[in-house]
Amino acid sequence: MKLKYVTIHDYYGGQRDIMKNFQRQASCMDTLFVKCLPDVETKAIESLIINCCPPEKVKTSELIDTSYEVYYGYDTRSFLELSDQDKKKALLEIVYEGVKIAARENDWCITPFEKAKRAVIDLDYKNAYLYKKPKSSPNRKYKAVYLIQHELYSAEIFLVILDNAENELQRIHLFSEEPEEGLFLELIGDITWRGNSEIFVKSQYQESLSKIVTLQV
């Protein structure tokens, strides 16, 4: 089994809106860490949950089905007062400290996690990536592909037009959504070329987000 998910949770207790706000903002960094993570073989763990809590609430880690839950002392209330860049740095440290706990307790090699942390820093903490396989125009001159910019407060979804040398020719903003990967990815549907200069972008489950895009190249 391989480790597929690393998720930061607020185990602090108290106001539900603060908990939800913290976890939404954390999503951009814990998902980026996983994208940068080389394969980690585990015996029975598919998901790692890092519960942020007051120091006095830190308790023994536990395995629930295929999820391993660790507890890390961190004040999620002070997090909300940080600058955006400092929030991202703090989230990366939470992830790294959490995976170190899990690695120590499960006898995992720490090297893949060190590589993932370095990769996130090299990316300047920016969770931006192309999504789904690019679709070529009928004349094979252009490619259309989704670009996702997953930030602290929102996910911005774009359609990007590339030439055959992978140069960006046009970028069209499609929609914004809450920064929860499971939420915005399910809204992204198929790309269909209608001739060589028009593209139909279909949204899954939300027809109002579907649209026709005209090339301007």
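Leu48 touches Leu3, Tyr5, Val6, Thr7, Tyr68, Val70, Gly98, Val99 and Ala102, leaving out residues up to four places away in sequence; touching, or contact, means heavy atoms within 4.5 Å. The model is a predicted one, where local features need pLDDT of at least 70 and side-chain atom pairs count only at pLDDT 80 or more, while totals for chains, interfaces and linings use all residues. Residues are numbered from 1 along each chain as its sequence is written, and side-chain values use heavy atoms, with hydrogens and water left out.

Leu48 also turns up in the largest nonpolar core, which has 36 residues; Leu3, Phe33, Leu48, Leu91 and Phe113 touch the most other members. A nonpolar core is a set of buried Ala, Val, Leu, Ile, Met, Phe, Trp, Tyr and Cys residues joined through side-chain atoms within 4.5 Å, and buried means under 20% relative accessible area, with exposed over 50% and partly exposed in between (1.4 Å probe, protein chains only). Helix 3 gives the largest share, 10 residues. Helices (H or I, at least four residues) and strands (E, at least two) are DSSP runs, numbered from the N terminus. There is also a second, separate core of 22 residues, with Tyr146, Ile172, Phe175 and Ile191 among them.

What about helix 1 itself? Its 21 residues should span 30 Å at 1.5 Å a residue, and the end C-alpha atoms are 31 Å apart, which agrees; the expected span is 1.5 Å times one less than the number of residues. Helix 1 bends by about 35° at Ser27, the bend being the angle between axes fitted to the seven residues ending there and the seven starting there. Ser27 is one of the buried residues of helix 1, which also include Ile18, Phe22 and Phe33.

Thr42 counts as buried because its relative accessibility is 8%. Beyond its neighbours within four places in sequence, Thr42 is in contact with Met1, Lys2, Leu3 and Trp108.

Over in helix 4 (residues 111-122) is Lys117, which counts as buried at 18% relative accessibility. Setting aside residues up to four places away in sequence, Lys117 touches Phe33, Leu92, Glu93 and Tyr96.
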